[in-house]
Amino acid sequence: MSAQNGKKGLELAQEVLETEARAILGLIPQLGTEFTAAVEMLHGCAGRVVFSGMGKSGIIARKLAATMSSTGTPAFFLHPAEAIHGDLGVVRAEDCVVALSYSGETEELVRLVEAIRRTGAKLISMTGERQSTLAQVADIALSCHVAEEACPMNLAPTASTTAAIELGDALAMALSQRKGFKEEHFADLHPGGRIGKKLMRVGSLMHSGDKVPRVARETGAIDLIHEISNKRLGMACVVRDDGTLAGIITDGDLRRHLSRGVDLLTQRAEDIMTTAPVTILAKVLAVEALQIMESRKITALVVVDDAQRVEGVVHLHDLWHTQAI
């Protein structure tokens, strides 16, 4: 490629990006009461949100269905051509259909709308033409009109597809906020990958039940050492009769007592324990627990409830894999 052709390619790339940026910004004045109404309709949907579109609009519809599902709203993609050939049965009266077509005249979608009306499902359209058939028959019509495509011939869907996907993202995010979708909900829907690891809760990683090393305050040193050794967490929780935490004993505490010449065989758990240890709640993010351990140079945290009853123990080794990858 010559330097001249390379320059032309760079200039074209800049023009494409500028055109698509203008298309996105051009959506803002098109937002109005219809957008708010669409959010409320989806919020009140007792069924699922069904996205549909042909060609590139179909690709965008698939992406938006995935985005909505991942942010707390059950959604899926329905191919319009397949729908009118038998798959329409998946649409129910309590569902809401979001149909994408820039022209608003896509034959398969228009035919699908006729069938949707018979099911009783609600319809939201996303088109570039407010006077199109799809926009006119929809319960709510959202506009994603663009002044021009980024294609030099103004033919290939470019700016229009960008506008559609951004309008869909705006709709998904507004709905997510309307539903009160929070970090903990996002973590539940994203248990794998980097996002899932960063949003894991202490409660999902802690050792609980019989795996928690526990002793009573009057427990002797031999039984205490036996409990620490068996549970292999390098510590034991000292609990009161009501299950609340009285203190903790680490293997480091045992070594320190021995180094002072203390006869451990004469000691009870309450004589060795550290009172008022650092604790954590099960709902706290695992990465926060990791930060606490690293800053305090400790290897385990006791997990307690609001009444200070012991629920479990989370160890440093359990948390290392929650760091960003």
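This is a predicted model: local features need pLDDT of at least 70, side-chain atom pairs count only at pLDDT 80 or more; totals for chains, interfaces and linings use all residues.
On the α2 side, the contact is formed by F35, A38, V39, E40, L42 and H43; α7 contributes L167, A170, L171, A174, L175 and R178. Classified by residue type, the contact of α2 with α7 comprises nine nonpolar, one polar and two charged residues.

Residue S57 lies in helix α3 (residues 55-70). With a relative accessible area of 18%, S57 is buried, because the cut-off for this class is under 20%. Apart from neighbours within four places in sequence, the residues in contact with S57 are L100, S101 and Y102.

Positive phi values in residues other than glycine were computed for A276 and for K297. For A276, phi is near 50 degrees, and the residue is located in the loop between α12 (269-272) and β9 (279-280). The relative accessibility of A276 is 72%, so this residue counts as exposed, the class being defined as over 50%. For K297, phi is near 55 degrees. K297 is placed in the loop that runs between α13 (286-296) and β10 (300-304), and K297 is likewise exposed, with a relative accessible area of 75%.

Notes:
Residues are numbered from 1 along each chain as its sequence is written. Side-chain values use heavy atoms; hydrogens and water are left out. Helices (H or I, at least four residues) and strands (E, at least two) are DSSP runs, numbered from the N terminus. Buried means under 20% relative accessible area, exposed over 50%, partly exposed in between (1.4 Å probe, protein chains only). Contact means heavy atoms within 4.5 Å. Ala, Val, Leu, Ile, Met, Phe, Trp, Tyr, Cys and Pro count as nonpolar, Asp, Glu, Lys and Arg as charged, and the others, Gly among them, as polar.
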